[in-house]
Number of protein chains: 6
Amino acid sequence: FDKDLYEGNNVAGVVTGLAWTQVGGDILFIEASLSPGKGKMSLTGNLGDVMKESASIAMAYLKAHAEQFGIDYRIFDQWDIHIHVPAGATPKDGPSAGITMLTALTSAFTQRMVKPHLAMTGEITLRGKVLPVGGIQEKILAAKRANIKDIILCKSNRKDILEIKEDYIKDLNFHYVTEMSEVIKLALLDKKVKNALDTAYKKASKED
Amino acid sequence: FDKDLYEGNNVAGVVTGLAWTQVGGDILFIEASLSPGKGKMSLTGNLGDVMKESASIAMAYLKAHAEQFGIDYRIFDQWDIHIHVPAGATPKDGPSAGITMLTALTSAFTQRMVKPHLAMTGEITLRGKVLPVGGIQEKILAAKRANIKDIILCKSNRKDILEIKEDYIKDLNFHYVTEMSEVIKLALLDKKVKNALDTAYKKASKED
Amino acid sequence: FDKDLYEGNNVAGVVTGLAWTQVGGDILFIEASLSPGKGKMSLTGNLGDVMKESASIAMAYLKAHAEQFGIDYRIFDQWDIHIHVPAGATPKDGPSAGITMLTALTSAFTQRMVKPHLAMTGEITLRGKVLPVGGIQEKILAAKRANIKDIILCKSNRKDILEIKEDYIKDLNFHYVTEMSEVIKLALLDKKVKNALDTAYKKASKED
Amino acid sequence: FDKDLYEGNNVAGVVTGLAWTQVGGDILFIEASLSPGKGKMSLTGNLGDVMKESASIAMAYLKAHAEQFGIDYRIFDQWDIHIHVPAGATPKDGPSAGITMLTALTSAFTQRMVKPHLAMTGEITLRGKVLPVGGIQEKILAAKRANIKDIILCKSNRKDILEIKEDYIKDLNFHYVTEMSEVIKLALLDKKVKNALDTAYKKASKED
Amino acid sequence: FDKDLYEGNNVAGVVTGLAWTQVGGDILFIEASLSPGKGKMSLTGNLGDVMKESASIAMAYLKAHAEQFGIDYRIFDQWDIHIHVPAGATPKDGPSAGITMLTALTSAFTQRMVKPHLAMTGEITLRGKVLPVGGIQEKILAAKRANIKDIILCKSNRKDILEIKEDYIKDLNFHYVTEMSEVIKLALLDKKVKNALDTAYKKASKED
Amino acid sequence: FDKDLYEGNNVAGVVTGLAWTQVGGDILFIEASLSPGKGKMSLTGNLGDVMKESASIAMAYLKAHAEQFGIDYRIFDQWDIHIHVPAGATPKDGPSAGITMLTALTSAFTQRMVKPHLAMTGEITLRGKVLPVGGIQEKILAAKRANIKDIILCKSNRKDILEIKEDYIKDLNFHYVTEMSEVIKLALLDKKVKNALDTAYKKASKED
Ligand SMILES: [Ca+2]
Ligand SMILES: [Ca+2]
Ligand SMILES: [Ca+2]
Ligand SMILES: [Ca+2]
Ligand SMILES: [Ca+2]
Ligand SMILES: [Ca+2]
Ligand SMILES: [Ca+2]
Ligand SMILES: [Ca+2]
Ligand SMILES: [Ca+2]
Ligand SMILES: [Ca+2]
Ligand SMILES: [Ca+2]
Ligand SMILES: [Ca+2]
């Protein structure tokens, strides 16, 4: 499976992350998808416990700060959310997909488009702080190879970028952040995706 | 147990997949069956975690894109779904049955007939992308042996087919896809099976 | 515990199977019993995962094809079902009790008598196909010893019978099947057991 | 903890069993106790899986044959049942407490007195058959030591008794059974215990 | 953490037990605390399975004999109960805290004061019998060191006390019991604690 | 990840603790966050069983003593609480974050500001006692490095502070406590955080 190709932004809830694997850096896709339901969260993609926890933190953060992102919190009980990280045969773990997961969830619940040719890596905390992660240089190589233009990183990872040869990264724009709100501002467009789901709050019908 | 024989398409929800086992390629049957219920999914057939995740991804995808396949999403709460992969004594794992599972689920909920003499192999993602899988040449041998005529594969697996001697595969039609919607278009007939279940949405009765 | 004795057919839900153990063939009893409840299924008898899956497949099949066996599917929510396989200290596993389990469940829900002096062995699939199983010759020896007269097997197991010395099996009637519907037709009498439970659908009372 | 002393029959739900441990035979007490509830069953006493299954079989049998023992099956949803087997530090397993458990449950739900100076050992099946168990001679020694007068055994265990020196067991009365109904008839008196619980069915009150 | 100091009896639900650890005897505190709820029981303090079972037995006994202790059984559904055994880093197991747990629970639900300078050790059964436990001499040393005056033990543990040098234990009062009802009579004062919770049964309000 | 920097007190529910790791002392943040819900508690941050138990004890204590902290206990059923301890990749265990957790929970439910430049370490019991913990000297070094001014410790840990060279700790204020109520008084300001959540009890609306 060749994940080295960026795949566009026409679907809400799909965000490109950067992973550091045993065989070097790679890009990965966080896919978050809603279906009518009751607030259940499912996780697939051969994820380890720390990565599952990142999804749980991201969901808790989004629920606690729904208003800030223009989400009526009552809709969280009206949809089931599934997060998948292809490819299914590869075990994945670690906290560095945290900000990618929160961005994917926010896009799914708002149906806002993700900025094209963007990738990101960083741990989140429950307060919305962005924490630095490892493997930055390998991840940057993978991002270039995959035709990524913009990269969001924790401010504390700037030192890792400064160590990379200038010439090599001149085509990439780095965005350094410390708070999750900055990530969302950088990563999500105001515009909704084509054929956006109607995620507005619906009163329960009498029949149900 | 001799799985090398294709067994017809008179039942909805049964789709032929291609498996790559320690003793070579083989065909396998994904059996998806509905019974009146509340939306519970059961999985049997000695399935490993990755294969169980494929079923979960397939179900989430179908729920999120129900309309596209002509399914009223409210029926997902009116049926229990069971997926079995014979034979029960053989452990099975891996993501390559993903598209077969989604096809089986779609057939079960629509009661549409599966195209005869068709087999398929490929991983699905939550967005409905089809990803390439391994063991293609062994799987093709098994398909021929089982009297399969049409085979659906991920476009990226074309290179594996091109390496097979022309003469050997002249009786087989290959269909290369990148999206799950293409699989369904190729795999399901418009016609329903004989004695199709009535899966239309039913209002809850007063008595219940 | 001496299981080598057939024990009559006066109770609904009890069907004789054939097992292949480390010390040779043996007969075993599948006991399925209903009590007023809400559709819960319990399994006991030191059963391994594959054998538990067989029970789950059998139940799903019966629920999906209730009408065919004259069962109102709404009763599945009005009874709890317990399946036990004596003796409790012996671990048991494998798919070969599948058809015996489905027969026991069908007898329990219909209260139809099981044909006397009958035993069976075979795997079921979710579509109701009967698959061949191993240890046939050892199982046949055990059946004879236990005074069994009729034996149901998968058609593909015929070859195993043809290898047994004619003289040895002249007192046994073999019934070869490929579909579960044939098993039920052969195994269950139309007549209900004495003191049959009333398993007809009951409207929920106002009080409840 | 010295279990070698029989402790009277003034409490419903407490029945004396015979166990075969690494250090010889012993008596044990099955304590079944009801509290107002919703049908939950709890098991304690460091019990292994097979012994837990025996409790589950006993409960299923009692529910399916409630009428036969004069129990209104609707009361099973009005009480929680707890089964404990002292002493808590000793691991216990095996199916031989099956008939003792069913007797204890029946006494608890009917509040009928247990026959004094009685002990028993035997496996139960879901149909109510009593199966033979091992360690009979060691168990009989323990029963004598504990001042037991009557012992219930499976008919197939008679051969084990016949091998014991006549003189040694002349003070003991053996009752050989094949069906659970015989055990209950032998073990429970018609009389209820003093201060018996009122376990008659109660209509749900309006308030609740 | 120095558990060797008795800490007073001003809080309901806190009872002093005696433990036998790898480094000798020690006192421990069973803390049982109520909060408005629905009958859930939580256990913390690094407890092993046998010790958790003791809590479960104690709770079942209290529920079944609520009336005897002046408790309206309907309140068990109106409170959640948490049992903690400090210190959290030390693994603890065994049945010997059983009577201490039941005493703590009874004090919590009745809000009755615990007798000052009292400690106890003993296993409980579901019938309320008190069983002897080990490590008595080490436990007595710990009790003296912690300024305990009264000690409750199982009658069968008297022989262990008789082996201790008279002079050493002359300041301690030993209370030998066989039934849980004696423990409660000895351990709980009639007087409620200051600022006692109102644990009387409350009718559900209309609003809820 | 550099946790050595104190990060301010502008968010309710975030409290600074002191940890003792294999590589020395460190500060850690307990993040407790509310979202509208039904009383579910989630824990993340790679926490071991003992640390999870601390959170459970803290929650039980807060529920049982809600009134004392000015909390209407009925709100516990109206919010879900998530506790996270960054960083996600580091396993954490032990009881010493107990008082930090309770402080974070109390701040979250009251929305009261946490005193600036404060850190704490100590085990809690269910009665609200504060117990001493280990690694004090390493923890103090980490606190100084992180610009902490006030430190809360168990009174029994005073001896550990007295062993530190006077000169080294002259900038730090130590607060020794024995009860949880003292911790809350020292750690939480009366003032609520800016943009405080409205956590007052809300009557369920008719619509819901
Ligand atoms: Ca790649
Ligand atoms: Ca994380
Ligand atoms: Ca084959
Ligand atoms: Ca997959
Ligand atoms: Ca046998
Ligand atoms: Ca099977
Ligand atoms: Ca003994
Ligand atoms: Ca048994
Ligand atoms: Ca100590
Ligand atoms: Ca115990
Ligand atoms: Ca650090
Ligand atoms: Ca703790």
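**Figure 1. A salt bridge within chain C of the predicted model, between Arg112(C) and Asp190(C).** The side chains of Arg112(C) and Asp190(C) come together in a salt bridge, with an N to O distance of 3.7 Å. Arg112(C) belongs to strand S5 (residues 112-114) of chain C and Asp190(C) to strand S11 (residues 188-192) of chain C, so the pair ties together parts that are 78 residues apart in sequence. Side chains of opposite charge can pair when their charged atoms come close.

**Figure 2. A salt bridge between chain A and chain F, formed by Arg127(A) and Glu31(F).** Here the side chains of Arg127(A) and Glu31(F) meet at 2.7 Å, N to O. Because Arg127(A) lies in the loop between strand S7 (123-124) and strand S8 (130-131) of chain A, while Glu31(F) lies in strand S2 of chain F, the pair joins two chains. Arg127(A) is buried at 13% relative accessibility, and Glu31(F) is likewise buried, with a relative accessible area of 1%. Over all chains, the count of salt bridges comes to 36.

**Figure 3. A salt bridge within chain F, between Asp167(F) and Lys170(F).** The closest N and O atoms of Asp167(F) and Lys170(F) are 3.6 Å apart in this salt bridge. Asp167(F) counts as exposed at 53% relative accessibility, and Lys170(F) is exposed as well, with a relative accessible area of 57%.

**Figure 4. Strand S4 (residues 79-84) of chain F and its buried residues.** Six of the six residues of S4(F) are buried, so the strand is largely enclosed by the rest of the structure. Both of its faces are covered, with Trp79(F), Ile81(F) and Ile83(F) buried on one side, and Asp80(F), His82(F) and His84(F) buried on the other. In a regular strand the side chains alternate between the two faces of the sheet.

**Figure 5. The strand partners of S4(F), namely S2(F) and S3(F).** Strand S2 (residues 24-36) of chain F pairs with S4(F) in the antiparallel sense over six bridges, and within this part of the chain Ser35(F) has Asp80(F) of S4(F) as its bridge partner. Strand S3 (residues 41-44) of chain F pairs with S4(F) in the parallel sense over four bridges, and here Thr44(F) has His84(F) of S4(F) as its bridge partner. S3(F) and S4(F), together with helix H1 (residues 49-64) of chain F, make up a left-handed β-α-β unit.

**Figure 6. The buried face of helix H5 (residues 180-187) of chain F.** Met180(F), Val183(F), Ile184(F) and Ala187(F) are buried in this helix. When H5(F) is seen down its axis, the buried residues fall within an arc of 95 degrees, so they line one face of the helix. An α-helix has 3.6 residues a turn, so residues three or four places apart point the same way.

**Figure 7. Relations between chains of the predicted model.** Chain F can be superposed on chain A with an RMSD of 0.0 Å by a turn of 60 degrees and a shift of 0.0 Å along the axis. The two copies are thus related as by a six-fold rotation axis. Other pairs of chains do not touch: no contact joins chain B and chain D, whose closest C-alpha atoms lie 20 Å apart, and chain C and chain F, which also lack contact, have their nearest C-alpha atoms 24 Å apart.

How values were computed
Residues numbered from 1 in each chain as written. Chains lettered and ligands numbered in written order. Predicted model: local features only at pLDDT ≥ 70, side-chain atom pairs only at ≥ 80, totals over all residues. Heavy atoms only, no water. Contact = heavy atoms within 4.5 Å. Buried < 20%, exposed > 50% of the residue type's maximum accessible area, 1.4 Å probe, protein only. Arc of directions from axis to C-beta. Least-squares fit on C-alpha atoms with pLDDT ≥ 70 in both. Pairing = 2+ DSSP bridges. Right-handed = clockwise from strand over helix to strand, strands pointing away. Salt bridge = Lys/Arg side-chain N within 4 Å of Asp/Glu carboxyl O.
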